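Here's a quick tour for anyone who wants to find their way around this model. Have the viewer open and follow along.

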Amino acid sequence: MTVSNPTATRPPQPWTAPTASDPVAATLRLPGSKSMTARALVLGALAGGPSTLARPLRARDTELMAGGLRALGAHMSVSDDDRWLVRPYPLAGPAHVDVGLAGTVMRFLPPVAGLAAGRVTFDGDPHARTRPLGPLIGALRALGVRIDAPPVGSLPLVVLGAGRVTGGDVVIDASASSQLVSGLLLAAPRFDRGVVVRHEGPPVPSAPHVRMTVQMLRAAGAAVDDTTPDVWTVEPGPLSGRGWEIEPDLSGAAPFFAAALVTGGEVTLQGWPRSSLQPVERLRELLHRMGGEVSLGTDGLTVRGTGTVRGLDADLSDVGELTPVLTALTLLADGPSRLTGIGHIRGHETDRVTALAKEFTALGADITETRDGLDIRPRPLRGGTFRTYADHRMAHAAAVAGLAVPGIEVDDVACTSKTMPEFPALWSGMVTGKN
């Protein structure tokens, strides 16, 4: 499989974020959820029969996931953008998994590699070696998986798969990332004894993503008990191949919805299900508090703005991925804001807390970095270069601010290929009214 990564083959080209002269009015169909696509690929590779993914996300992260599973032995047919086919085959090494900068790949596939017979190596982009992985390595060792890794618990690492994993009880501090829990749970039905994962430490961030993992496991036939807080029990047993309808990506939709608030316009995301695995109600609440109106109808999920953005005081620990876009919104608000509970996003594609404070301060913002958040006091912004640090969410934040601030130059908009290669074209089309 050829994995798309434009930033690795040519120097980044600056992109001027378009400024909106009128309220936006757009109806869009966005790519599928990265989180759902990644989980469906893993569950399909571990199932007892073939699976299909309808309207999956084709982006760098999901191509890396499919490529890693293919390297381990699964058959992946991904030539059709609207329908991917996964056929499980015996997992085996030797194999190499390129994780890129994808947290899902580096945390979901080492447990799968433990089920493979043979040596499986993992490495990725330079910054991937700084992302939190130690708790997962320790948990897998406790469950009977042999792993060679640096003492700090990071990439590069080697899983010496024995073709089976004993499983059992394990304690983990997953306060750095909910993916540390999800990675263990997804492979657990194939462990000899299943798994009982107990989290001990500060709260697990992005809890809706763990709930998505549990719901998708159950949909594939796994027996999962999550009734006790911070404890997840997965019984050993077969997983069923099935068809997965992949929802539009909520995090990817956030900047487009933000555009409605900034410009006083209206944006509709087509294809939104009545019942979602993603935290749509939380996004609805946050946008409403900032002055937006959110409704779900036959046309899709619609956000309307009044042209006035309100300040926000919110704990975003459950939806940390929304922080960059919400930060951009608060900078354009009518009053001060405080965003808390986001210390864990320092371990994402970049240290997002520091990066947001630094880049927006360079554009004239009054923004203070705290231990686990940001304090924002709106004042006029100016144009200038906005660095993304190869982080797609940083590019989204710059695009939102650029709607109201002329002259914001995004140094590397191609990094949005990580989760939405179409972003620059979709964004420009929305602003110019050509979507």
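This is a predicted model: local features need pLDDT of at least 70, side-chain atom pairs count only at pLDDT 80 or more; totals for chains, interfaces and linings use all residues.

Residues are numbered from 1 along each chain as its sequence is written, and side-chain values use heavy atoms, with hydrogens and water left out.

**The annotated glutamate**

An unreviewed UniProt entry lists Glu321 under "active site"; such annotations may be inferred rather than shown by experiment. Glutamate 321 sits in the loop between strand S18 (313–315) and helix H10 (323–331). Helices (H or I, at least four residues) and strands (E, at least two) are DSSP runs, numbered from the N terminus. With a relative accessible area of 17%, glutamate 321 is buried (buried is under 20%, exposed over 50%, partly exposed in between, with a 1.4 Å probe and protein chains only). Leaving out residues up to four places away in sequence, glutamate 321 touches Lys34, Ser251, His348, Arg352 and Arg393 (contact means heavy atoms within 4.5 Å).

**A buried histidine**

Now to histidine 199, in strand S11 (residues 195–199). Histidine 199 counts as buried, at 6% relative accessibility. Beyond its neighbours within four places in sequence, its contacts include Asp173, Asp230 and Trp232.

Here are the polar contacts of both residues (pairs of N or O atoms within 3.5 Å; within protein, one must be able to donate a hydrogen and the other to accept it, and residues adjacent in sequence count only if both atoms are side-chain atoms).

| Side chain of | Partner | Distance |
|---|---|---|
| Glutamate 321 | Serine 251, side chain | 3.1 Å |

**Strands and sheets**

Strands S6 (residues 95–98) and S7 (residues 117–123) run parallel, joined by four bridges (two strands pair if DSSP finds at least two bridges between them). Aspartate 98 has aspartate 123 in S7 as its bridge partner. S7 also pairs with strand S9 (residues 157–162), antiparallel this time, over six bridges, and valine 120 stands opposite valine 159 in S9.

Elsewhere, an open sheet of three strands has the order S1-S23-S22, with mixed pairing. S1 (15–16) and S22 (384–386) stand at the edges with a single partner strand each, so one side of each is left without a neighbour in the sheet. S1 pairs with S23 (residues 408–410) in the antiparallel sense over two bridges, and threonine 16 stands opposite glutamate 409 in S23.
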